[in-house]
Amino acid sequence: NMIAKRRNKDYLMRYVHDPQSVNRTSIMPKYDLPAADLAAVADFLLSLDFGKYSAKTVLKEEVLKQGVR
């Protein structure tokens, strides 16, 4: 989970705002959100219980096959 990977609120806010600035290979788009919204997203991600519900890894190829809806 996010805590086990040492992902804190500031890290998640930076990642959601500009993923490539944190991980240059990220394909996630930038989200130009107000700081309050970035904080809310980070709080939500940190609240997820991956011990109870497993995370799902989705490959880039699978996403690209789906197309834009």
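Modeller: A helix here is a DSSP run (H or I) of at least four residues, numbered from the N terminus. This is a predicted model. I27 is found in the loop between helix 2 and helix 3.

Biologist: How many helices and strands does the protein chain have?

Modeller: Four helices and zero strands. From the N terminus on, the elements run α-α-α-α.

Biologist: Back to I27. Why is I27 called exposed?

Modeller: Its relative accessibility is 55%. Exposed means over 50%. The value is over the cut-off, so I27 counts as exposed.

Biologist: What does I27 touch, not counting residues up to four places away in sequence?

Modeller: Q20 and K60. I27 and K60 are 33 residues apart in sequence, yet their C-alpha atoms are 8.2 Å apart in space.

Biologist: M28 is found in the loop between helix 2 and helix 3 too. What makes M28 partly exposed?

Modeller: Its relative accessible area is 25%. Buried means under 20%, and exposed means over 50%. M28 lies in between, so it is partly exposed.

Biologist: Which residues is M28 in contact with, leaving aside neighbours within four places in sequence?

Modeller: Y15, V16, P19 and Q20. The C-alpha atoms of M28 and Y15 are separated by 9.2 Å.

Biologist: Now the charged pairs. How many salt bridges does a search of the whole structure find?

Modeller: Two. D43 forms one of them with K9.

Biologist: How do you know that D43 and K9 form a salt bridge?

Modeller: Their closest N and O atoms are 3.2 Å apart. The cut-off is 4 Å. The distance is within it, so the pair counts as a salt bridge. Side chains of opposite charge can pair when their charged atoms come close.

Biologist: Where in the chain do D43 and K9 sit?

Modeller: D43 is in helix 3 and K9 is in helix 1, 34 residues apart. D43 has a relative accessible area of 38%, and K9 has 32%.

Biologist: What makes D18 and K30 a salt bridge?

Modeller: Their N to O distance is 3.9 Å. That is within 4 Å, so the pair counts. D18 is in the loop between helix 1 and helix 2, K30 in the loop between helix 2 and helix 3, 12 residues apart.

Biologist: Why is D18 called buried?

Modeller: Its relative accessibility is 18%. Buried means under 20%, so D18 counts as buried. K30 has a relative accessible area of 56%, which is over 50%, so K30 is exposed.

Biologist: How do helix 1 and helix 3 pack?

Modeller: At an angle of about 115 degrees, with their axes 9 Å apart. The crossing is right-handed. Residues K9, L12, M13, V16 and H17 in helix 1 meet several in helix 3, including L38, V41 and D43. By class, the contact has 10 nonpolar, one polar and two charged residues.

Biologist: What share of the protein chain is buried?

Modeller: Buried residues make up 16% of the 69 residues. The chain exposes about 5,800 Å², and carbon and sulfur atoms supply 55% of that area.

Key: Residues are numbered from 1 along each chain as its sequence is written. This is a predicted model: local features need pLDDT of at least 70, side-chain atom pairs count only at pLDDT 80 or more; totals for chains, interfaces and linings use all residues. Side-chain values use heavy atoms; hydrogens and water are left out. Axes are lines fitted to C-alpha atoms, for helices over the stretch in contact, and angles run from 0 to 180 degrees between N-to-C directions. Helices (H or I, at least four residues) and strands (E, at least two) are DSSP runs, numbered from the N terminus. A crossing is left-handed if the near helix is turned anticlockwise from the far one by less than a right angle, and right-handed if clockwise. Contact means heavy atoms within 4.5 Å. Ala, Val, Leu, Ile, Met, Phe, Trp, Tyr, Cys and Pro count as nonpolar, Asp, Glu, Lys and Arg as charged, and the others, Gly among them, as polar. Buried means under 20% relative accessible area, exposed over 50%, partly exposed in between (1.4 Å probe, protein chains only). Accessible areas come from the Shrake-Rupley method with a 1.4 Å probe; for residues, only the protein chains shown count as cover. A salt bridge is a side-chain nitrogen of Lys or Arg within 4 Å of a carboxyl oxygen of Asp or Glu.
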